[in-house]
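Visitor: Please take a close look at one part of this model, the way its elements are set against one another, and work through it slowly. I would like the geometry spelled out with care.

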Amino acid sequence: MTDTARPARPAAGADADRELKAKHRAMWASGDYPRLASEKIWGLGPRLVAAADIHPGDRVLDVAAGTGNASIPAALRGATVIASDLTPELFEVGRRLATEAGAELEWREADAEALPFDDDSFDVTMSAIGVMFAPHHGRAADELVRVTKPGGRVAVLSWTPEGFIGQLFKTMKPFAAPLPEGAQPAPLWGDEAHVRELFGDRVTDFAAERQTLEVPFDSGEAFRDYFKQHYGPTIAVFRRIADDPEQVRALDAALAELGRAHGLGEPGGTADWEYLLVTARVR
Ligand SMILES: C[S@@+](CC[C@H](N)C(=O)[O-])C[C@H]1O[C@@H](n2cnc3c(N)ncnc32)[C@H](O)[C@@H]1O
């Protein structure tokens, strides 16, 4: 093999990014995200699909689709849907749920920051509490815009920093690994000014609305234990501090207190999980 024929060595940055994404994939495949999605937040998908105004025949891409929370109701509206996600381990349950619902769609492994689709491919590109977890917000927003046809719609639903899940991440932060250089915190996608800046003048008709989802738990402890068992990001933090019982006790107490502070354990036992729902039209 001549020097010129030798494959180029990937840049150190590319290696680091692959490593980071592999870590993220393993995190989302841990615990039981499919169960959490079905039991706690399944109501979000239809809300996003309604806001995205999906019609029969639309070509729709769901980014970071998980088990199809938004993809399945979009397909049931008669759209041609691709459910894409970094974590294909989630597709097995997604396929089963789609079959049970009578929905037909395609499942495709894809990093939101490097979507394997041509420019201008979709009438609607959407994401339910998904693209917010891609670490480089600018790259992910660029991809959403790139694959959407001119005049097509982008619809993104993200937990707000002030809402319950935003506060969960704030509570876990002192115990979590620091963000790698260049990575941004997920709940920033729930900040309207941040999202406006990400899309900039590449979109028109930008609209953002804060809404809430009511999620019941019997107590702060019940919420904490459910997340410790099922939610990848919480599992990852507890794994990191597993050898330090004092830290574990402190995080246990902080998470239970977070639940109580949001009304869990009181009559009704329901916390309002706030999210930002953004819709816009690509120029
Ligand atoms: C909270 S789940 C949301 C899944 C689904 N949209 C729902 O509403 O249930 C976050 C999803 O983001 C995916 N994800 C994380 N980083 C990603 C990335 N860089 N590219 C694509 N998907 C990613 C995870 O695999 C996971 O399925």
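Guide: A crossing of two helices is called right-handed if the near helix is turned clockwise from the far one by less than a right angle, and left-handed if it is turned anticlockwise. With that in mind, and remembering that this is a predicted model, we can turn to helix 11, which spans residues 245-261. Its axis and that of helix 7 (residues 164-172) come within 10 Å and cross at roughly 160°; angles over 145 degrees count as roughly antiparallel, and helix 7 and helix 11 are therefore roughly antiparallel to each other. The crossing of this pair is right-handed. Helix 11 also meets helix 9 (residues 220-230), where the two axes come within 7 Å and cross at roughly 125°, so that helix 9 and helix 11 are oblique to each other. Here, too, the crossing is right-handed.

An α-helix has 3.6 residues a turn, so residues three or four places apart point the same way.

Finally, the ligand is surrounded by 21 residues, with Ala 64, Gly 66, Asn 69, Thr 87 and Ala 112 the closest. The shell divides into twelve nonpolar, five polar and four charged residues, and helix 1 (residues 12-29) gives the most to it, with three residues.

Note on methods. Residues numbered from 1 in each chain as written. Predicted model: local features only at pLDDT ≥ 70, side-chain atom pairs only at ≥ 80, totals over all residues. Near = placed C-beta within 6 Å. Helix = DSSP H or I, 4+ residues; strand = E, 2+ residues; numbered from the N terminus. Nonpolar A, V, L, I, M, F, W, Y, C, P; charged D, E, K, R; others polar. Axes fitted to C-alpha atoms, helices over the stretch in contact; angles between N-to-C directions. Parallel < 35°, antiparallel > 145°, perpendicular 65-115°, else oblique.
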